[in-house]
Amino acid sequence: MTMFRQSATALTASLALLATGPAWATDLEFDLTGRVSLYGKRVSLDATDLVPDPDASGYQDALAGLSGVMGAKLSYGRLSLAAQFRAEARDGQVETFTDEAFAELLLGESLFVFGGRRILSYGQAYGLNPADILHDPLAENRIFPSGQARSDVEGTEMIGADLLFDNGSSLSLIYAPDREDPRLGVEEDFAMLRFSGLMAGGAGDYSVALIDGNRPGAALSFSWGLGDASVIYMDATFRKGREKQAISGTSPLGHLMLETRDTDKVHPFVTLGFGYTFENGVSLNAEYTRDAGGYSDSEWDRIVSALDTITPTQSAVHGQSLNQLNGLLNHYTLRQNYGFLRVSHDSLFGKPVSGELTVLHGLDDGSGSLGLRLEMPLGEQATLGLSATHKYGGENTEFTLRPEGDALAIYTTMKF
């Protein structure tokens with residue numbers, strides 16, 4: 001047990017002891033929610049230079065599974081205990097997760113302190129969200145809608161506090177010791193101080209955060225309403241160092257030599273967005289993202305050259321080089337410039353059917369991903385959904401480098 005887990009356990013016990021005081025005596029409240037989802041997915045698999053044998057590499061062209069989530073919240077006076085448990089059954093195997101398990105205590109009238117494992121999300125971008133820095137997009141099951149996929153992930157173990165002000169602003173502090181960076185594979189003492197507030201006139205809101213950890217820096221988000229139908233928004237981070245490694249050369253034995261470049265440089269990661277809702281209910285969002293930490297044209301050319309060099313020969317060294325490249329490219333996005341478009345409607349053709357069309361387009365190489373989702377209710381607590389994905393681009397471009405191509409999925413979700 002780490003020192004943090006010992007501290008979190010002690011904090012939870014202390015908060016529970018404080019809450020039993022006679023001055024805080026009140027009724028006990030308990031809330032239990034649940035959700036069960038069944039899904040099936042079919043994917044076209046195509047051999048690529050990066051993955052010449054998709055079957056041997058563990059890729060599947062058909063997938064069926066079941067996901068169950070249960071959330072519980074116990075409130076007693078100023079103390080709240082919350083948890084989310086999840087089970088995933090696929091290919092005859094069952095995995096269980098504790099996504100959240102934390103205690104929260106109200107001190108005074110506006111100060112909350114908490115400790116445990118918690119899911120915290122930030123920002124508002126629909127496509128690429130730089131401000132959501134505690135979240136790993138690769139952990140999502142994207143068969144499901146974005147809200148469900150975003151919430152069904154393991155949270156971060158932390159302690160923190162939220163201070164609320166009368167004018168609607170807030171000050172938050174979190175500290176997550178021993179947090180593992182999902183891309184760099186190293187542990188860090190992560191801390192973030194965030195201030196959020198409303199803009200003059202109440203037409204917009206903003207938040208500013210200072211970040212400390214392996215990659216210190218700052219985050220900024222804002223949104224501003226333009227009348228009743230449109231909004232502009234931004235999510236951005238400015239962090240020191242870079243997650244993505246680049247190829248610097250080849251060793252005498254033939255292995256790729258990798259390095260993380262510009263470790264002392266600040267790399268902006270910014271999404272600018274515009275949203276508009278038409279009178280007929282159609283909602284449109286258009287976004288542009290610039291990720292200075294992504295691969296430049298010259299760095300991408302080295303990756304493609306490495307693929308051309310190592311693929312023809314089936315030696316152990318070349319197989320290890322392919323594994324190196326797979327690890328190197330283990331990121332949700334790889335390049336520097338993207339456009340994103342989302343068009344949605346909650347009631348298609350006057351029926352209770354919602355639809356969403358999304359396009360994530362790589363501006364550096366012209367590859368991208370097109371997604372379509374349709375959902376309809378089955379009674380009051382159940383939903384039937386269909387999602388389809390099409391990836392496009394030239395050979396060895398970002399979105400065609402992996403063997404998973406077009407995909408079709410069907411799912412049903414029941415809440416209770």
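The legends below describe an overall view and several close-up views of a predicted model.

Residues are numbered from 1 along each chain as its sequence is written. In this predicted model, local features need pLDDT of at least 70 and side-chain atom pairs count only at pLDDT 80 or more, while totals for chains, interfaces and linings use all residues; side-chain values use heavy atoms, with hydrogens and water left out.

**View 1**
Helices (H or I, at least four residues) and strands (E, at least two) are DSSP runs, numbered from the N terminus. Taken along the principal axes, the box filled by the C-alpha atoms is roughly 75 × 55 × 50 Å. Of the 416 residues, 40% count as buried; buried means under 20% relative accessible area, exposed over 50%, and partly exposed in between (1.4 Å probe, protein chains only). Contact means heavy atoms within 4.5 Å. Among contacts between residues at least 6 apart in sequence, 57% join residues at least 24 apart.

**View 2. Surface and charged side chains of the protein chain.**
The accessible surface comes to about 21200 Å², and carbon and sulfur atoms account for 57% of it. Accessible areas come from the Shrake-Rupley method with a 1.4 Å probe; for residues, only the protein chains shown count as cover. There are 31 positive and 54 negative side chains, and the centres of the two sets lie 1 Å apart. Lys and Arg count as positive and Asp and Glu as negative, without His and the chain ends. Each charge is placed at NZ of Lys, CZ of Arg, CG of Asp or CD of Glu.

**View 3. The largest nonpolar core, with 16 residues.**
A nonpolar core is a set of buried Ala, Val, Leu, Ile, Met, Phe, Trp, Tyr and Cys residues joined through side-chain atoms within 4.5 Å. Ile303, Leu325 and Leu329 have the most contacts inside the largest core. The elements that give two or more residues to this core are α3 (297–310) and α4 (316–328). Helix α3 gives the most, with 5 residues. Leaving aside neighbours within four places in sequence, Leu325 is in contact with Leu50, Ile247, Leu256, Ile303, Ala306, Leu307 and Ile310. Apart from this core lies another, of 13 residues, among them Phe114, Leu120, Ile133 and Leu134.

**View 4. Val36 in strand β1 (residues 28–45).**
Val36 is partly exposed, with a relative accessible area of 30%. Not counting residues up to four places away in sequence, Val36 touches Leu66, Ser67, Gly68, Thr412, Thr413, Met414 and Phe416. Gly249 is 213 residues from Val36 along the chain, and their C-alpha atoms are separated by 49 Å.

**View 5. Ser75 in strand β2 (residues 62–76).**
Ser75 has a relative accessible area of 17% and is buried. Its contacts, leaving aside neighbours within four places in sequence, are with Asp27, Leu28, Glu29 and Ser80. From Ser75 to Gly355 the separation is 280 residues in sequence and 37 Å in space, C-alpha to C-alpha.

**View 6. Arg118 in strand β5 (residues 111–118).**
Arg118 is buried, at a relative accessible area of 15%. Residues up to four places away in sequence aside, Arg118 touches Glu100, Phe102, Glu104, Gly155, Thr156, Met158 and Asp162.

**View 7. Asp178 in strand β7 (residues 170–180) and Asp189 in strand β8 (residues 187–198).**
Asp178 is partly exposed, with a relative accessible area of 36%. Asp189 also counts as partly exposed, at 44% relative accessibility. Asp189 touches Tyr175, Ala176, Pro177, Asp178, Asp212 and Gly213, not counting residues up to four places away in sequence. Arg179 lies 10 residues from Asp189 in sequence and 6.3 Å away in space, C-alpha to C-alpha. Most residues other than glycine have a negative phi. Asp178, not a glycine, has a positive phi of about 60°.

**View 8. Asn396 in the loop between β19 (382–392) and β20 (404–415).**
Asn396 has a positive phi of about 60° although it is not a glycine. With 8% relative accessibility, Asn396 counts as buried.
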